[in-house]
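Open the model in your viewer and keep the selection tool at hand. This tour goes stop by stop, saying what to select and what to look for.

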Amino acid sequence: MGAAAEAVSTRPRRRPLTWRRTRRGAVPYLLILPVIAVLAAILGYPLYQLVQLAFQRYQLPELIAHKGIYVGLANFSSVLHDGVFWHTLGRTVAFTTVNVGLTIVLGTLMALLLVRVSTWVRILITVGLVLVWSMPPVVSVQVWIWMTDVQNGVLNYVLTELHFGNYFQHNWFASPFSELAMVTSLVVWGGLPFVAITVYAALSQVPHELMEAARIDGARAWQIFKDVTLPVIQPVLLILTSLSILWDFGVFTQAYLLIGQAHILPSNYLMSVYLWEEAYYKNDYGLGAAISILMLAAVAILSFVYVRRMLKIGEVDR
Amino acid sequence: MSRRLPRKLGWNVVGIGVFVVMAFPVFWMISTAFKSNEQINSLTPTWFPLHPTLANFTGAIHKPYFADDLINTAIVVLAAVGIAMVLAFLAAVALAKYRFRGRKLFVVLIIGVQMIPGIGLIIPLYVMLADVPVLGINLVGKLTGLIVVYVSSVLAFSVWTLRGFLLGIPKELEEAAMVDGSTRFGAFVRILLPLVAPGLVATSVFAFITCWNEYIFANLLLQQQGHQTITVWLAEYTGGETYTDWGGLMAASTLIAVPVVIFFLLVQRKIAFGLTTGAVKG
Amino acid sequence: MRYRVIAAAIAALALGVVVATTASASTKSHTLVVWLQVDAKTGWPKVVANATAAFKKANPGWNVNVQYQTWGTHLQNFDAAIAGNNVPDVIEMGNTEMTKYMAAGAFANLTSYKGKFANSSHWLTGLTNSSTYNGKLEGVPYYAGSRLVTYRTDLFSQAGVTKPPTSLAALETDLGKVGSKVTGVPGFTPFYMAGTDWYSALSFVFDYGGSIATFSKGKWVGQLASTKSVAGLTAYKQFFLGYSPHSAATLDEANPAPYTVYGANPGRAAAIFGPGWYSCCTGNYKNVTGQFLMPSHVPGQHMTSWLGGSDLGVPKQGHQQAQARSWISFFTNSANEKALQKVGNVPNATNLFDNSLNDQAAKKSWFVPTAKHWVDVESGNVIRHMLANILTGTPVKQAAQQADASMNNLLNQP
């Protein structure tokens, strides 16, 4: 795999440092310019406002008067001294770990399965995955609520009929743990299609011949996966993992709607829900801004290891 | 050959099992859409409605602004995804294939943007869109305003995902193109684009679905009846004080999912296995 | 090559869309923007249409743009609109949501215009109180809703109960008879209440003379742990555990829905405590549907009912307040209020009452403390949490004390 590359790198420089080289040096900057411009234009000002808000008392009266009151670090201090913040943070970290783990592992297994099945089954599964993927969260939440309904839910019915126990009129949302377990099932279910399909697309880049050669040589499936498949899909897996961490840490719609506004309590808060309750339901935008910034810091720390590894892989040796 | 057959059969059985488990909620949604109210509320669930009714579907289609909002959503999503994919691909090529000063900074920016909790930005974004600095226009209530928000929300992750796909492409293929004497960027477009097509499609499908299903910003920015997106239209089923019309909600949800499925089926041929075989051999 | 073309096409399409949608700016002729909840769209669209037509006739050259909101997000949208100087001219607010916004100065002062609104001298006290702050009227009562019992007359009569009970004890006896007559339906209970349905549950507290919170010496003090309130909560606990499904102990009232009573034959319950419009969704059982007011523990009386409802406010930042008031006066005129009454609501004025059960319940009603931060207590689910605890084993007094502590915290914020 490296012979051709080595030949290229030891080749003497054929072109002197002309203006053409310099112009070519500008290419990457031109390529990233549109993205930077768009992000700066759209997010720059709101972010600046957000940071400003975090240092102000900006509740409903201030919102109406369009003028906040500078309070320095009071918002941050209030959040950091609040036990609810720390409990929520811990709970969200645990929640994220479980969700990301399940999503990545099950998604990769599904992608590997997709490679091995007959075409018609692959199409069947893919259609199923796309149907799952295309369900808006607001809808899948309703379906979940419907399926887990205490009185008429099909889940209770099936479990009881299959003799898994007596689930007659079982309330699947009786405790914070079960509430979050239900949210996990929904989030993982909804996240699997993207991971499965993306990894499947990445698997298409695995050199077919190498896999065949290894199999003919008698290598076991796990060895083939480790030595041939994994290196190729590793960048994609790392990306999916880091993305999943970001998304699952900040998950809002599923948690808020599935648990339901009437049952949201500090004991089942996730970070985004906590932010929503404090900022929007209690109209405290200064506090909400402080929480947003702390959330950003928390997720940055949480994903730091993965991001660093991704950056290392991306190093291009030229 | 004969040894392969039973193995494939085993995988097929597992595959069908996976399909059943994953797709059950979807099946439940669709089957509920065809049920009458009595069947929906009965003590024992009806698995396959033997006397399916189309009443829920006709009700959904006739609910005001269904077609308008569907078209609005299509416009917003296609525009946002189109713009985002073009911009993201360019940047991803730069990140994956070039070495330049400030590259790490750009990566930090891309990752950092995705760490911002979106719901924290609701009010600042709204205020900015209501009176855009420099341009002085009001984008609230216009589809463009929502397109702008959606582009910014899928751009970073698209760059990041596409970079990953580009990195996975074996180096020989690029080297082969460079030897041809073409410019570096030209080689990338001619050679890389077909190779990264599966990744491009996967990313665009995800961006499409993310935008299609988004609710919070659509609900915030588009208030006018008939000028909203389909998720806002759908939310009216559960937004009032009266009880939920489950049959209608499920029928409407089924209808909304159809365009997404069609979009995917149109592009799914691009996510094919073994595209690289010919290139490497040659 | 192909891909380049596709990419270019998409970009061109996008550009075209951007140009088209930005260029087609709405003509800023006189338009009144009204935010109503989606209930109006599904429940009484004709009322809205009548009001708009009458308004346009009286204000030529004006259009009305009604934008429907949902309860879950309308306050966040309102906040954003306030921040962006984009407020609607009229907005519907839940009656428990008004105080906080009035205290913050969100609404225009309507006191001097009160006489211009139909039946204003007979407005329901509960709604008027929710629209008044510091003596100033800042909202117009829109409509109200009370709570009563909807039941299956056939199931009751098969148990020998032909007349609605007149006391709580009698109700319990009747429910016992009904329950014993229904067999073969797993999980059937004579009554259905969602455990954390505080709108219904707190009627017990008020029935025993208790209250939620009182204002004394400049501070709000939670009263749920007072002797009388505890008596009421204990009565509620007994009633619930005796006649409602225990699996509903932590559920909220969005869950039951009338189908619990009417979904099948005989359904999961024979009676349900909820809004008056529950009698609408009875399907095939219209002929065997009846309603009665929840009886008090004092024989011959009925329990104080929760009075829910909405008010209409004119945001202070709006520039078209005269037209806003005009639209509201058309929307809440007698004819329209009567139309609202027909679909199961309580009209905003007592002189429009027609002696229906709904209206009777509204005459004796309780309301939440008119505290600036009451809405925080609601969104923090303090009372719901207390009810769930009580029904799942926590001693009544302890749960009530916890709720009082939370309320003292929240209500006394600056």
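Start at the side chains of C:D79 and A:Y285, which are joined by a polar contact of 2.2 Å. A polar contact is a pair of N or O atoms within 3.5 Å; within protein, one must be able to donate a hydrogen and the other to accept it, and residues adjacent in sequence count only if both atoms are side-chain atoms.

Before moving on, note that this is a predicted model: local features need pLDDT of at least 70, side-chain atom pairs count only at pLDDT 80 or more, and totals for chains, interfaces and linings use all residues. Residues are numbered from 1 along each chain as its sequence is written, chains are lettered from A and ligands numbered from 1 in the order in which they are written, and side-chain values use heavy atoms, with hydrogens and water left out.

**Stop 1: around C:D79**

Stay on C:D79 and show its surroundings. Not counting residues up to four places away in sequence, C:D79 touches A:L60, A:L63, A:Y280, A:N283, A:Y285, B:I123 and C:Y101. Contact here means heavy atoms within 4.5 Å.

Which side chain of opposite charge is nearest to C:D79? C:K100 is, 7.9 Å away. C:D79 is buried yet has no salt bridge. Buried means under 20% relative accessible area, exposed over 50%, partly exposed in between (1.4 Å probe, protein chains only). A salt bridge is a side-chain nitrogen of Lys or Arg within 4 Å of a carboxyl oxygen of Asp or Glu. For charge, Lys and Arg count as positive and Asp and Glu as negative; His and the chain ends are not counted.

Now select residues 74-83 of chain C, the helix α4 that holds C:D79. Helices (H or I, at least four residues) and strands (E, at least two) are DSSP runs, numbered from the N terminus. In α4(C), 10 of the 10 residues are buried, so the helix is largely enclosed by the rest of the structure. Just after α4(C), look at C:N85, which takes a positive phi of about 55°.

**Stop 2: salt bridges**

Select C:K100 next. Its side chain meets that of C:D376 in a salt bridge (3.0 Å, N to O). The pair links distant parts of the chain: C:D376 lies in helix α15 (residues 374-379) of chain C and C:K100 in helix α5 (residues 98-103) of chain C, 276 residues apart. C:D376 counts as buried at 1% relative accessibility. C:K100 is buried too, with a relative accessible area of 5%.

Go to C:E253 and C:R384. Their side chains form a salt bridge (2.9 Å, N to O). C:E253 is in the loop between α10 (227-243) and α11 (259-262) of chain C, C:R384 is in helix α16 (residues 382-391) of chain C, and they are 131 residues apart. Both C:E253 and C:R384 are buried.

In chain A, pick A:R57 and A:E62, whose side chains meet in a salt bridge (3.4 Å, N to O). A:R57 is partly exposed at 27% relative accessibility, whereas A:E62 is buried at 8%.

Then select B:K63, B:E236 and C:K41, which are linked in a network of salt bridges. How many salt bridges are there over all chains? The count comes to seven.

**Stop 3: strands of chain C**

Show the open sheet of five strands in chain C, with the order β2-β1-β3-β14-β6 and mixed pairing. Two strands pair if DSSP finds at least two bridges between them. β2 (63-69) and β6 (140-145) of chain C stand at the edges, each with a single partner strand, so one side of each is left without a neighbour in the sheet.

Zoom in on β6(C) and β14 (residues 308-313) of chain C: they pair in the antiparallel sense over five bridges. Here C:P141 has C:D311 as its bridge partner in β14(C).

Another antiparallel pair is β7 (residues 147-152) of chain C and β12(C), with four bridges. C:T150 stands opposite C:Q291 in β12(C). Select β12 (residues 289-292) of chain C: C:G290 and C:F292 form its covered face, C:T289 and C:Q291 its uncovered one.

**Stop 4: chain B**

Finish on chain B, which has 13 helices and zero strands. Of its 282 residues, 59% count as buried.

Select B:A80 in helix α4 (residues 66-97) of chain B. B:A80 counts as buried, at 0% relative accessibility. Not counting residues up to four places away in sequence, B:A80 touches B:I147, B:Y150, B:V151 and B:C211.
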